[in-house]
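Trainee: I have a new model to get through today. Can you walk me through it?

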Amino acid sequence: MLSSRPFGILLAAFLTLSFLAACDTDSSPFRVDYSLAEELVFDTTGFESRTTESGLIIYELDPGIGTLEVVSRDNVLLYYTIRFKPTNDIIESSYANNSTFPLQFNGIASSANRLGDGFVEGVLGMKEGGKRVVVIPPTESVYSDTVIVDLEVDSILF
């Protein structure tokens with residue numbers, strides 16, 4: 001006599017997969033919400049840029065305050081948003097999922113492995129409260145295209 005158990009398992013699996021396929025992908029619990037980051041993108045209109053030897057284009061929007069500048073060994077609290085230049089699509093941001101807290105980078109130079117040398121170079125020399133927009137070419141980034149990074153230093157921790 002044949003059992004109906006395998007049929008029931010297949011039917012349950014089919015119904016589950018059908019339900020998941022019909023779900024809106026925007027309601028995924030793994031989707032990252034960048035709506036706050038989109039609202040806080042820096043505008044470089046009217047600001048002059050400078051180009052570094054490595055090809056970074058830096059817009060200094062606010063020089064910040066104090067005499068301390070970020071050096072490679074510093075622990076830094078940063079607000080940042082990384083976008084692809086051609087599309088302005090956000091790749092990563094400290095404002096993800098409506099967070100209003102800066103992210104801590106321990107020894108900012110150690111972030112080069114994850115975010116690229118251009119990200120680190122863009123942060124170096126900034127002061128607390130400073131704001132920059134850095135355009136990073138693919139050769140200085142971990143991404144396959146040019147990226148734009150909005151940076152704001154909240155605090156320099158030693």
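**First look: a loop residue**

Mentor: Start with Asn 98, which counts as partly exposed at 44% relative accessibility. Buried means under 20% relative accessible area, exposed over 50%, and partly exposed in between (1.4 Å probe, protein chains only).

Trainee: Where is the place of Asn 98?

Mentor: Asn 98 sits in the loop between strand 4 and strand 5 (103-105). Its phi is near 65°, a positive value in a residue other than glycine.

Trainee: Before we go on, what kind of model is this?

Mentor: This is a predicted model: local features need pLDDT of at least 70, side-chain atom pairs count only at pLDDT 80 or more, and totals for chains, interfaces and linings use all residues. Residues are numbered from 1 along each chain as its sequence is written, and side-chain values use heavy atoms, with hydrogens and water left out.

Trainee: Back to phi. What about Asn 88?

Mentor: Asn 88 has a positive phi of about 65°, although it is not a glycine. Its place is the loop between strand 3 and strand 4. Asn 88 is partly exposed, with a relative accessible area of 42%.

Trainee: Zoom out. How many helices and strands does the chain have?

Mentor: Four helices and seven strands. Helices (H or I, at least four residues) and strands (E, at least two) are DSSP runs, numbered from the N terminus. The pattern along the sequence is α-α-β-β-β-β-β-α-α-β-β.

Trainee: And how much of the chain counts as buried?

Mentor: Of its 158 residues, 39% count as buried. The accessible surface of the chain comes to about 9700 Å² (Shrake-Rupley method, 1.4 Å probe; for residues, only the protein chains shown count as cover). Carbon and sulfur atoms hold 56% of that surface.

Trainee: How far apart in sequence are the residues that touch?

Mentor: Take contacts between residues at least 6 apart in sequence. Of those, 67% join residues at least 24 apart. Contact means heavy atoms within 4.5 Å.

Trainee: New topic, charges. How many salt bridges turn up?

Mentor: A search of the whole structure finds three. A salt bridge is a side-chain nitrogen of Lys or Arg within 4 Å of a carboxyl oxygen of Asp or Glu. Side chains of opposite charge can pair when their charged atoms come close.

Trainee: Which residue does Glu 60 meet?

Mentor: Arg 132, at 2.9 Å, N to O. Glu 60 is in strand 2 (residues 57-62) and Arg 132 is in strand 6 (residues 131-136), so the pair ties together parts 72 residues apart in sequence.

Trainee: Is Arg 132 buried or exposed?

Mentor: Arg 132 counts as buried, at 5% relative accessibility. Glu 60 is partly exposed, at 30%.

Trainee: And which residue pairs with Arg 83?

Mentor: Asp 150, with 3.1 Å from N to O. This pair also links distant parts of the chain: Arg 83 is in strand 3 (residues 75-84), Asp 150 is in strand 7 (residues 147-157), and they are 67 residues apart. Arg 83 is buried at 5%, and Asp 150 counts as buried at 3%.

Trainee: What does Glu 92 meet?

Mentor: Arg 114, at 2.8 Å, N to O. Glu 92 lies in strand 4 (residues 90-93) and Arg 114 in helix 3 (residues 112-115), so parts 22 residues apart in sequence are tied together. Glu 92 counts as buried at 17%, while Arg 114 is partly exposed at 46%.

Trainee: Now the inside. How many residues does the largest nonpolar core have?

Mentor: It has 21 residues. Val 70, Leu 78, Ile 82, Ile 108, Phe 119 and Leu 151 have the most contacts inside it. Strand 3, helix 4 (117-123), strand 6 and strand 7 each supply at least two residues of this core. Strand 7 gives the largest share, five residues.

Trainee: What makes a set of residues a nonpolar core?

Mentor: They are buried Ala, Val, Leu, Ile, Met, Phe, Trp, Tyr and Cys residues joined through side-chain atoms within 4.5 Å.

Trainee: What does Phe 119 touch?

Mentor: Not counting residues up to four places away in sequence, its partners include Leu 78, Tyr 80, Ile 82, Phe 105 and Glu 140. A second, separate core of seven residues includes Tyr 34, Leu 36, Ala 37 and Ala 96.

Trainee: Last one. Where is Ser 141?

Mentor: Ser 141 is in the loop between strand 6 and strand 7. At 14% relative accessibility, Ser 141 counts as buried. Leaving out residues up to four places away in sequence, Ser 141 touches Gly 116, Ile 136 and Val 147.
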